[in-house]
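Here is my notebook page from an afternoon of looking things up. Have the model open beside you and follow along.

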Amino acid sequence: MARILIIGGSGFIGRHIAGRLRDRGHQVVAASRREVDLARDSEAQLRDKVASFEIVVNCAGLVRDDGANSMAAVHAEGACNLFRACLETGVARLIHISALGVESDGETLYQRSKAVAEERLAALDPTGARLDWRILRPSLVVGRGGASTRWLLAAAVLPRLPSFGDGAWRFQPVHVGDLAEVAARIADGAPSPRRLDVVGPEPMTTDALLALLREWLGLKPTRFFRVPYRLFLLAASIGGRVSTGPLNREVIKLLSRGNVADCAPMTAALDRPPRHIRDALALEPACDPDRQAARLFVLRPLLRWCLGLLWVATGLLSFGLYPQEKSYALLAEIGVHGALAEFALYGGAAVDLLLGVLLLLRWRPALTGAAQLATMLVFTLIATRLPSDYWLHPFAPLLKNLPIAAAILVMIALEA
């Protein structure tokens, strides 16, 4: 039994590797970014954090920059600090998760930043005499809960399947279970190349993978519609700016150039062929929550944005876009006049605007939603003093608060 530290242990790949190692009887610490932060921890801090472990697995990674948590900081500088820390503290074995297609002159920053770490690790100890290192280079990793898989499943539930690019992008998806197993075998000392391409048994096109995932979800086959490459890049650019998910230009460029490799070394390292994605998914059949999650993938941000825009709009309307004399007349009907009416009008508008902006910025959406519900409750209680005409109006200006409150509760449940 070895003491093993997994950096990025709260992520999709890290959690699977941690589970496989624990199943083999190892003592595993799965560290999230709160415990080990490659973007911020100095080399000295990393030495202290890895010193008591025999094996370190580095799963930390990201697909786009997010402030200080950048690809250059995590993939390159932070990883190199980690490698030196492992060497200096006598860590016996290091498993570094990189990516298939990484090249120092690659087209994307993702490739180039990952390549810096691969080259630096190989240069520090070329033969592995001081630190028994391995670099695992997975292709697209498929499995329930993975960011890429969630995005692909969201496409697979559409009435018509999108055919990206020319529909013939080739990659060699590997199931996360096989990636976790090969990492666990290497941690136990199984032989493998220093750099191992972690791929499935055969290349697939994006069209074939989407059709397979739709079948896994238990949905009937459907036709494809072509998504022009430039339009897909534009959507990826927008997605990359509004989320940290896998839909961004870096990933799309990486997939469009092909992502395949010989699976013989992977077969040898596993001591069996890697599972076909269809067979691996069959071991974990889809259920209703999988289909619901796929359908809500796009609706979740849409709901948050719509609620945010609604609150921003009501704030701006109260600030003067709606005739102020009518607003004051409404307040007069519940007995609010003069300075108090002015305070109520502009104070309420400011609250609406603030809560709307916070929701659009995704600042603690569950807390923001709770504040919106509390605000709606106060306004509704005040509105009980209005004449019954407002409650019985055919456009239901007040009764509409009920479905809006329900929508906020759903948003809180999805975002919490």
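**Entry 1: a nonpolar patch.** I looked up a nonpolar patch on the surface and found Leu-296, Leu-299, Leu-302, Trp-305, Leu-309 and Leu-360, with about 500 Å² of accessible area together. A patch takes residues with over 30% relative accessible area and no salt bridge, joining nonpolar side chains (Val, Leu, Ile, Met, Phe, Trp, Tyr) within 5 Å and like charges within 9 Å. The areas come from the Shrake-Rupley method with a 1.4 Å probe, and for residues only the protein chains shown count as cover. Helix 12 (residues 288–321) gives the most to this patch, five residues, and Leu-309 lies in that helix.

A reminder to myself: this is a predicted model, where local features need pLDDT of at least 70 and side-chain atom pairs count only at pLDDT 80 or more, while totals for chains, interfaces and linings use all residues. Residues are numbered from 1 along each chain as its sequence is written, and side-chain values use heavy atoms, leaving out hydrogens and water.

**Entry 2: salt bridges.** I found 22 salt bridges in the structure; each is a side-chain nitrogen of Lys or Arg within 4 Å of a carboxyl oxygen of Asp or Glu. Side chains of opposite charge can pair when their charged atoms come close.

I looked up Arg-24 and found a salt bridge with Asp-188, with the closest N and O atoms 2.7 Å apart. This pair links distant parts of the chain, 164 residues apart: Arg-24 is in the loop between helix 1 (12–23) and strand 2 (27–31), and Asp-188 in the loop between helix 6 (176–187) and strand 10 (195–198). Helices (H or I, at least four residues) and strands (E, at least two) are DSSP runs, numbered from the N terminus.

Buried means under 20%, exposed over 50%, and partly exposed in between (1.4 Å probe, protein chains only).

Next I checked Asp-197 and Arg-137, whose side chains meet in a salt bridge at 3.2 Å, N to O. Asp-197 sits in strand 10 and Arg-137 in strand 5 (residues 132–138), 60 residues apart. Asp-197 counts as partly exposed at 22%, whereas Arg-137 counts as buried at 13%.

Arg-40 and Asp-37 also meet in a salt bridge, at 2.9 Å, N to O, and Asp-37 is buried at 10% relative accessibility.

Last, I noted a network of salt bridges that links Arg-20, Asp-178, Glu-181, Arg-272 and Arg-275.
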